[in-house]
Amino acid sequence: MLNKLRASVLGANDGVVSVSSILMGVAGATDNTGAIFTAGLAALVAGALSMAVGEYVSVSSQSDAEKAYIKRERQLLKQDPEGQFEELVEAYVSKGIDQKTAHKVATELSGQDALKAHLMTEFGLNEDDVVNPMHAAVASFLSFSVGGIIPFITILVAPFSWRISATVIAVVAALIVTGYLSASVGGASKRRAIARVVFGGLLAMVITYCIGKWFGTAVG
């Protein structure tokens, strides 16, 4: 659950940084609201879809591997239950448990659910908690969209003279939130996490804005 929450927070952070950077680059090149809207919308949709597809492919591979482990362990337990039991005992012994206690634990857990005991001990895997690629794809799509919509809406509704400043303020506020949440989920330093994501986001926006400014001037 924590890993899923952390992935969602990081996806939102990616949305904030990616979309705001593209918007700043286009805003540096032109004052045309239509061009900024088109670029921002394209960045938002393409980024969210890219995140979803990438996550789906990645998690599908992980899911296939987990299902293969489960199938293999189930077959081994049917073919050689005694050998698998001894393997489970040795696995506990390797973790620092004495032989007698390891045998007792293996006996008790195997009596409840031998497959579950093997999967948890050998792979840290729960048969009922195999990752779902579609869930991961939808979560990535939504989290990126939530993050990206913040700079997109801000730059469009802000008064023309405040467009850049308002976007920077909105992005910094959003990054402070995502930095705080990611640190909270991971148990890391909140101050360091916030400083890192805010600095990275600002740096990306400054660089793309300067490139857009230079490109717009050169072409113009």
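This report covers the fold, dimensions, surface and packing of one predicted chain.

The model is predicted, and local features need pLDDT of at least 70, side-chain atom pairs count only at pLDDT 80 or more, and totals for chains, interfaces and linings use all residues. Residues are numbered from 1 along each chain as its sequence is written, and side-chain values use heavy atoms, with hydrogens and water left out.

**Fold and dimensions**

The chain has 7 helices and 0 strands, in the order α-α-α-α-α-α-α along the sequence. Helices (H or I, at least four residues) and strands (E, at least two) are DSSP runs, numbered from the N terminus. The overall values are tabulated here.

| Property of the chain | Value |
|---|---|
| Radius of gyration | 25 Å |
| Box filled by C-alpha atoms, along the principal axes | roughly 80 × 35 × 25 Å |
| Accessible surface | about 12,700 Å² |
| Distance between centres of positive and negative side chains | 12 Å |

A compact globule of 220 residues would have a radius of gyration near 17 Å. The radius is taken over C-alpha atoms, and the globule rule is 2.2 Å times the number of residues to the power 0.38.

Carbon and sulfur atoms account for 64% of the accessible surface, computed by the Shrake-Rupley method with a 1.4 Å probe; for residues, only the protein chains shown count as cover. There are 17 positive and 18 negative side chains. Lys and Arg count as positive and Asp and Glu as negative, while His and the chain ends are not counted; each charge is placed at NZ of Lys, CZ of Arg, CG of Asp or CD of Glu.

**Packing**

Among contacts (heavy atoms within 4.5 Å) between residues at least 6 apart in sequence, 72% join residues at least 24 apart.

A nonpolar core is a set of buried Ala, Val, Leu, Ile, Met, Phe, Trp, Tyr and Cys residues joined through side-chain atoms within 4.5 Å. The largest one has 12 residues, among them Val19, Ile36, Phe144 and Ile155. Helix 1 (2–29), helix 2 (33–79) and helix 5 (133–157) each supply at least two of its residues, and helix 2 gives the most, with 5. A second, separate core of 9 residues includes Val17, Met24, Val197 and Val198.

Leaving aside neighbours within four places in sequence, the contacts of Phe144 include Gly11, Val19, Leu44 and Met51. Ser20 lies in helix 1 and is buried, with a relative accessible area of 0%.

How values were computed. Buried < 20%, exposed > 50% of the residue type's maximum accessible area, 1.4 Å probe, protein only.
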